[in-house]
Amino acid sequence: METIKLKNIRTFSYHGCLVEEGKIGSDYAVDLEIKADLQQSTQSDELIDTVDYVHLNRIVVEEMAIRSKLLEHVAKRINTRVLAEIPMVMKTIVEVSKINPPIGGDVESVTIILEETRN
């Protein structure tokens with residue numbers, strides 16, 4: 001299995017349990033790593049034989065636009081969609097980070113990491 005990583009996909013989203021978070025919004029960063037057999041694309045040099053980064057980024061951006069109370073929930077949706085829409089992907093690892101979370105302290109970010117493997 002080979003790896004593709006999309007690092008620091010930045011979004012402005014409205015996730016959180018607090019009512020204010022749903023109104024004010026916050027900055028987020030998402031890292032997405034996928035595992036797939038990319039051997040054919042190393043030989044063919046054709047987009048059809050690999051996982052399209054544009055598709056992966058679109059999934060992240062669209063799922064981040066749907067409000068969730070918990071980062072775990074949005075991370076699960078991202079993993080589920082990647083596996084459902086891209087049959088070549090065998091494993092997903094997504095990290096969703098809330099930048100400057102409102103937790104009453106000087107915290108740069110809080111991150112949830114979720115992994116999912118195709119059955």
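In this tour, a contact means heavy atoms within 4.5 Å of each other. The model is a predicted one, in which local features need pLDDT of at least 70 and side-chain atom pairs count only at pLDDT 80 or more, while totals for chains, interfaces and linings use all residues. Residues are numbered from 1 along each chain as its sequence is written, and side-chain values use heavy atoms, with hydrogens and water left out.

**The whole chain**

Begin with the entire chain selected. Its C-alpha atoms fill a box of roughly 50 × 25 × 20 Å along the principal axes. Colour by secondary structure to see four helices and four strands; these are DSSP runs, numbered from the N terminus, with helices (H or I) of at least four residues and strands (E) of at least two. From the N terminus, the order of elements is β-α-β-α-α-α-β-β. Among contacts with a separation of 6 or more, 61% join residues 24 or more positions apart.

Next, display the surface. The chain exposes about 7,200 Å², of which carbon and sulfur atoms supply 53%; the areas come from the Shrake-Rupley method with a 1.4 Å probe. Of the 119 residues, 39% count as buried. Buried means under 20% relative accessible area, exposed means over 50%, and partly exposed lies in between (1.4 Å probe, protein chains only).

**The sheet**

Select the four strands together. They form an open antiparallel sheet in the order β1-β2-β3-β4. Residues 2-13 (β1) and 109-117 (β4) stand at the edges with a single partner strand each, so one side of each has no neighbour in the sheet. From one strand to the next, the twist averages 15°. Two strands are taken to pair if DSSP finds at least two bridges between them.

Thr11 has Tyr28 of β2 as its bridge partner, and Lys5 has Glu33 of β2. Keep Glu33 selected and look towards β3, where its bridge partner is Ile93. Nine bridges join β2 to β3, and these strands run antiparallel.

Is β2 enclosed or open to the outside? Eight of its eleven residues are buried, so β2 is largely enclosed by the rest of the structure.

Then select helix α4 (residues 71-85), which lies across β2, β3 and β4 and runs at about 150° to β3. For these angles, axes are lines fitted to C-alpha atoms, for helices over the stretch in contact, and values run from 0 to 180 degrees between N-to-C directions.

Go to Ile113, in strand β4. Ile113 is partly exposed, with a relative accessible area of 47%. Which residues does Ile113 contact, leaving aside neighbours within four places in sequence? They are Ile93, Val94 and Glu95. The C-alpha atoms of Ile113 and Val30 are separated by 9.8 Å, although the two residues are 83 residues apart along the chain.

Finish at Ser41, in helix α2 (residues 39-44). At 16% relative accessibility, Ser41 counts as buried. Not counting residues up to four places away in sequence, Ser41 touches Glu46, Asp49 and Thr50.
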